[in-house]
Amino acid sequence: MIKEEHNARIHLLAIVLVIIAGIFLNISRFEWIAVVLAMGLVLTAEILNTSIENLADFISPERNNRIKKVKDLAAAGVFVAALAAFITGLIIFAPKFIRLFS
């Protein structure tokens with residue numbers, strides 16, 4: 001998935017940056033739990049989305065409006081997971097960065 005999916009590489013880069021920020025800012029055990037769950041949610045959604053897209057392409061290689069809807073819904077699931085992870089990150093990291101730069 002990482003080799004073939006551009007968005008998966010973006011998510012992986014974000015995960016690496018979040019881990020570095022978490023170590024640098026010394027986030028708490030409970031904050032790590034939230035961060036790990038958020039990262040896992042996004043990766044799981046990306047894996048499911050990629051699986052659905054590959055299966056859909058196998059079943060119907062030609063353009064099909066029903067398949068497009070399925071793919072769009074799977075992609076929306078990744079977006080919702082990524083948005084939830086982003087908000088989780090803001091809640092955890094924003095106050096720490098504000099304190100660091102004030």
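Trainee: Let's jump in at the end of the chain. Is F101 buried or exposed?
Mentor: F101 is exposed, because its relative accessible area is 67%. Keep in mind that this is a predicted model.

Trainee: Okay, and what about F97, how accessible is that one?
Mentor: F97 comes out at 34% relative accessibility, so it counts as partly exposed.

Trainee: Where do F97 and F101 sit relative to each other?
Mentor: Both are in helix α3, which covers residues 65-101. They are four residues apart, so about one helical turn separates them.

Trainee: How many aromatic pairs turn up in the whole structure?
Mentor: The search finds one aromatic pair. The partners are F97 and F101, with ring centres 6.3 Å apart and planes at 5°, so this pair is stacked.

Trainee: Why does the angle get a mention as well as the distance?
Mentor: Because a pair of aromatic rings is described by both the distance of the centres and the angle of the planes. Here the planes are at 5°, and under 30 degrees counts as stacked.

Trainee: There's another Phe in there, F79. Where is that?
Mentor: F79 is in helix α3 too. Its relative accessibility is 57%, so F79 counts as exposed.

Trainee: Let me zoom out. What's the overall secondary structure?
Mentor: The chain has three helices and zero strands. Read from the N terminus, the order is α-α-α.

Trainee: And how does the radius of gyration look against a compact globule?
Mentor: The chain has 17 Å, whereas a compact globule of 102 residues would be near 13 Å. Along the principal axes, the C-alpha atoms fill a box of roughly 55 × 25 × 20 Å.

Trainee: What share of the residues is buried?
Mentor: Buried residues are 27% of the 102 in the chain. As for the surface, the accessible area is about 7400 Å², and carbon and sulfur atoms hold 71% of that.

Trainee: What does I67 touch?
Mentor: Skipping neighbours within four places in sequence, I67 is in contact with A56 and S60. The C-alpha atoms of I67 and A56 are 6.2 Å apart, and the two residues are 11 apart along the chain.

Trainee: Now I52. Which helix is that in?
Mentor: I52 is in helix α2. With a relative accessible area of 34%, I52 is partly exposed. Leaving out residues up to four places away in sequence, I52 touches V70 and A74.

Trainee: How far is I52 from I67, by C-alpha atoms?
Mentor: The C-alpha atoms of I52 and I67 are separated by 9.7 Å, and the residues are 15 apart along the chain.

Trainee: Switching to loops: where does N26 lie?
Mentor: N26 is in the loop between α1 (6-24) and α2 (29-59). Its phi is near 55°, a positive value in a residue other than glycine. N26 is also exposed, because its relative accessible area is 65%.

Trainee: Last one, charges. How far apart are the mean positions of the positive and negative ones?
Mentor: They are 7 Å apart, for 10 positive and 8 negative charges.

Definitions and conventions:
Residues numbered from 1 in each chain as written. Predicted model: local features only at pLDDT ≥ 70, side-chain atom pairs only at ≥ 80, totals over all residues. Heavy atoms only, no water. Helix = DSSP H or I, 4+ residues; strand = E, 2+ residues; numbered from the N terminus. Rg over C-alpha atoms; globule rule 2.2 N^0.38 Å. Buried < 20%, exposed > 50% of the residue type's maximum accessible area, 1.4 Å probe, protein only. Areas by Shrake-Rupley, 256 points an atom, 1.4 Å probe, with all protein chains shown as cover. Lys, Arg positive; Asp, Glu negative; His and termini not counted. Charge placed at Lys NZ, Arg CZ, Asp CG, Glu CD. Phe/Tyr/Trp six-rings, centres within 6.5 Å; stacked < 30°, edge-to-face > 60°. Contact = heavy atoms within 4.5 Å.
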